[in-house]
Amino acid sequence: MDIKITGEYITLGQLLKMTDFIQSGGEAKFAVKSLKINVNGEQENRRGRKLYAGDVIDIEGSVFSLS
């Protein structure tokens with residue numbers, strides 16, 4: 001799934017909320033610890049990770065690419 005970002009970047013926590021993996025920003029801390037998340041093929045567990053256009057994020061088998 002392709003996701004367009006309007007600014008320079010979004011955070012992993014914002015992406016989790018945009019894709020309905022979480023309902024509120026407060027859930028992000030728990031979600032990054034419990035979900036299997038890869039950013040550009042590397043495991044990630046920081047909710048504040050900056051994601052830029054061109055990044056590919058795999059969350060529990062759902063793949064998102066940013067543009």
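## Exercises on a five-stranded sheet

An open sheet of five strands has mixed pairing and the order β1-β7-β6-β3-β4. The model is predicted: local features need pLDDT of at least 70, side-chain atom pairs count only at pLDDT 80 or more, and totals for chains, interfaces and linings use all residues. Residues are numbered from 1 along each chain as its sequence is written, and side-chain values use heavy atoms, with hydrogens and water left out.

**Exercise 1. Find the edges of the sheet, and say why one side of each edge strand lacks a neighbour.**

Step 1. Read the order: β1-β7-β6-β3-β4.
Step 2. β1 (2-3) and β4 (42-43) stand at the edges.
Step 3. Each has a single partner strand, so one side of each is left without a neighbour in the sheet.
Step 4. Check the terms. Strands (E, at least two residues) and helices (H or I, at least four) are DSSP runs, numbered from the N terminus. Two strands pair if DSSP finds at least two bridges between them.

**Exercise 2. List the elements of the chain from the N terminus on.**

Step 1. Count them: two helices and seven strands.
Step 2. Write them in order: β-β-α-α-β-β-β-β-β.

**Exercise 3. Work out how β7 pairs with β1 and with β6.**

Step 1. Recall the rule. Strands of a sheet pair through backbone hydrogen bonds, either parallel or antiparallel.
Step 2. Take β1 and β7 (residues 62-66). They run parallel, joined by two bridges. Asp2 has Ser65 of β7 as its bridge partner. Ile3 stands opposite Leu66 in β7.
Step 3. Take β6 (residues 56-59) and β7. They run antiparallel, with four bridges. Here Val56 stands opposite Ser65, and Asp58 stands opposite Val63.
Step 4. Look at the turn. The hairpin of β6 and β7 has two residues between the strands, and Glu60 takes a positive phi near 50 degrees.

**Exercise 4. Follow β6 to its pairing with β3, then sort the residues of β6 by face.**

Step 1. β3 (residues 37-39) pairs with β6 over three bridges, in the antiparallel sense.
Step 2. Val39 has Ile57 of β6 as its bridge partner.
Step 3. In a regular strand the side chains alternate between the two faces of the sheet.
Step 4. Sort β6. Ile57 and Ile59 form the covered face; Val56 and Asp58 form the uncovered one.

**Exercise 5. Is Lys50 buried, partly exposed or exposed, and which residues does Lys50 touch?**

Step 1. Set the cut-offs. Buried means under 20% relative accessible area, exposed over 50%, and partly exposed in between (1.4 Å probe, protein chains only).
Step 2. Lys50 has 39% relative accessibility, so Lys50 counts as partly exposed.
Step 3. Leave out residues up to four places away in sequence. Lys50 then touches Tyr9, Ile10 and Asp55. A contact means heavy atoms within 4.5 Å.
Step 4. Compare sequence with space. Lys50 and Ile10 are 40 residues apart in sequence, but 5.7 Å apart in space, C-alpha to C-alpha.

**Exercise 6. Describe the whole chain by its span, its buried share and its contacts.**

Step 1. Along its principal axes the C-alpha trace spans about 25 × 20 × 20 Å.
Step 2. Of the 67 residues, 33% count as buried.
Step 3. Take contacts between residues at least 6 apart in sequence. Of these, 46% join residues at least 24 apart.
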